[in-house]
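Biologist: Can you walk me through this model? I'd like to start with the interface.

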Amino acid sequence: MKLLEDLFGFVNKEFEKNKKLQFFTPLKDATEAFFMGVKESAHISPFIRDHIDLKRYMIFVVFALAPAALAGIYFYGLRVLLVIAVSYIFGGIVEVLFALIRKHEINEGFLVTGLLFPLTLPPNIPLWMVAVGIMFGVAIGKELFGGTGHNIFNPALVARCFLYLSYPAAMTSGWVAPGHNVLNLSVDSMTGATPLAIFKQTGEITDLWALFWGWVPGSIGETSAILLIIGGIFLFVTRVANYRTTVGMVAGAMFISSLLKLLGYKEIAPPLFTVLSGGFLLAAVFMATDPVSSPTFKISKWIYGFFTGVIVVLIRAFSGYPEGAMFAVLIMNMFAPLIDHIVLTLKYRPVRG
Amino acid sequence: MKTQKLQGGVNFQLKGSDFTIYGEVDKDIPKIGLSLNDHGLSPQGILKKDEVTCGEVLFNTGTKTILAPISGSLNIDENNYLTITSNGKPQEVSTESIDLLRKEDAYLVLHKLGLLDSRALDNVKRLYLNLTHTEPFFADESLFVKEFGDKIKKAISNIDTLLPNREKVLIYKHEETRDFLNDLDGVTFFKVAKYPHDNYQLVASKHEDLPISDLDLSTSFYINAETLCVIYDYLQNSIPPVYTYVSVGGNIEEPKLLKVPMFSNIRSIVGKFFKAGESWEDDYNVVVGGPFSGRLMEGSADLKTSDHAVTILYKNKPRLLWSYMWPGLIKDSYSKTFVSALLPVKKYNDTQVHGEKRACIFCGYCEDICPAGIIPHVLYKNSDIDELEAAKQYKIMDCVECGLCTYACTSKISVSEKIKKGKENIIKENI
């Protein structure tokens, strides 16, 4: 410990103003904070501060994602590790470049984006596509708006949406049945269709237990419902994510699919299948709950979650796409500030008379 | 005759039965009281720092009260004791004038000492007597009741001589306190829980059943337990008080209550919690007041008469490798990301910020923790970009400045500071 302190103390001198390395200060600060945290003390009241910071906040999302990511590696082989590594490295480069040029700090939000994005991709995705996608997501989805805290859309979903619309073939085919040869680095195209695609084409419903445990083809991190639920509970208990969005989204999807099913629409999947299949839970637990791009008030969170769930069902049933979770979250991201504005205005409306 | 300036808040010793004090009496404080023992002056007293010019000092010998003219010479020895030798003759003051002084000046003296704020007295209908400390670190009222319980009890029952016919509301935390004070007449009890429930505005809002923005604080006084003790001393001795009471808490073994001379030096108080000669100033910060509402002070500064709490906090603890990934067994947090947040353990605090400043990510902790029911992250943005009308509409004036939003902020933003500025601007621009 002493050694590291001394090292940073020594290195710090080189990054002071008007020194050669001043340009790289954000990088140095991030490295130091990554290992040691910061030394700053409070000079204005309150003089004691909560021990939580954005690093811990974000690392907890990574912890919550870890089961799903590990399951992805188990299901689809070590190539998944490569995909995650590419995502972190190329996204990291963009993040650092922006930080250096715009002279702001390197933000921890990237820890989540860099892991969340690969989990939404099919296991067979070419590595160059991962790189292009995450670079687009970080640059356009986040940094152009001003970095973490200012982005309108979830950067990981922006990245995925970009790939989805640019390379639909790679993003919608080449699904792999999970669980053979973990050590295989190049995934053979053992094609299998995702449960949602099967339902769309034939109306056949995959076994719900298979969906629950994750033994179905799908994106790297989205298949195992149980692991996503565990991650979600972890986030709700630690108060990192807000359960209102997730519960609202599940309720919205269940409600609308039951309703439309009662009205006799054949395109609608059963409620439980809707929730367990595809990227619904990944979106509900990790995407929609993103504090930055979702609304902030408790009531708005319920509304936002509910309508996200509704839109997922509608897109799945009545559009050409088998999966609607990504579009639903992005669409509702757009409305989040509006929902907040309406809630705020109603709460503080002037008293009449 | 020469005068000598006194060092701030020195303890001094007075010797001799015939005396005159050379010094300067602060113009803000009309009289300085010194207790006398039977044979002369009491061994210790205190004079206000720096500007004590010629004036009068009021003494109480136990049997009679003496108004002494100040003249003569001062010596400060190497122990920082002030010795006064003089042959001036104290002048006796009639009992009547003392009674007069007590009645008319009582409020004024306490006000000049910063113990009661300046209000039109006739307006004051209610006294909120706060017996407890809800800010973290401090000994709560049980210690106070144990050590000064009788004093407080007498002060409450005698406060009518000072401020007659006011409704008295006792703010307390433990039922034992209520049981102890239950035989007092004409008081109502008001139970509070954790910080900042004993906040003046919050208590008044709840007790008077009004929203915070509609409160008229000019109709009540808020007096804490330490002040009650001082008032007791004053009413008992009928001389302006010399000693004050200070709660000390923080990263020390256990919180304590001290009776110290007014204007005491911070070093002299904090030093009592360390071994003699231990250089604590490199390792500890001293906050005068509570950790949430106080202000950072140098050790060389003196306490004001209105200061009744001192918090001693670690300055810098050595940093841990990857501390943000540790389970956190003793860390204090509003979020539940630390194991300690789930366990009833003693939590560790210091003056460090524990993170870097970031943009607001709308985590909502400030909204959840706010005792006034307003939305700090919206208001801080409003005041940051001078949208004062919107801020006022969103009830920025309801803020009680408890600082909890800044405490809980994940992005380490000084939320309460910004809101405070917004409030000031609203008042300044009269919106």
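Modeller: Contact here means heavy atoms within 4.5 Å. This is a predicted model: local features need pLDDT of at least 70, side-chain atom pairs need 80 or more, and totals for chains, interfaces and linings use all residues. Residues count from 1 along each chain as written, chains are lettered from A in the order written, and side-chain values use heavy atoms, without hydrogens or water.

Biologist: How many residues of chain B are in contact with chain A?

Modeller: 69 residues of chain B, against 52 residues of chain A.

Biologist: And what area is buried between them?

Modeller: About 5,800 Å², with 57% from carbon and sulfur atoms. Buried area is the accessible area (1.4 Å probe) that two parts lose on being put together, summed over both. B:R319, B:Y324 and B:R358 supply 17% of what chain B buries against chain A, more than any other three residues.

Biologist: How many salt bridges across the interface?

Modeller: The rule finds five. It asks for a side-chain nitrogen of Lys or Arg within 4 Å of a carboxyl oxygen of Asp or Glu. One salt bridge joins A:K298 and B:D368, at 2.8 Å, N to O.

Biologist: Switching topic. Is A:T113 buried or exposed?

Modeller: A:T113 is buried, because its relative accessibility is 8% and buried means under 20% relative accessible area (exposed is over 50%, partly exposed in between; 1.4 Å probe, protein chains only).

Biologist: Which residues is A:T113 in contact with?

Modeller: Leaving aside neighbours within four places in sequence, A:P118, A:I134, A:P155 and A:A156.
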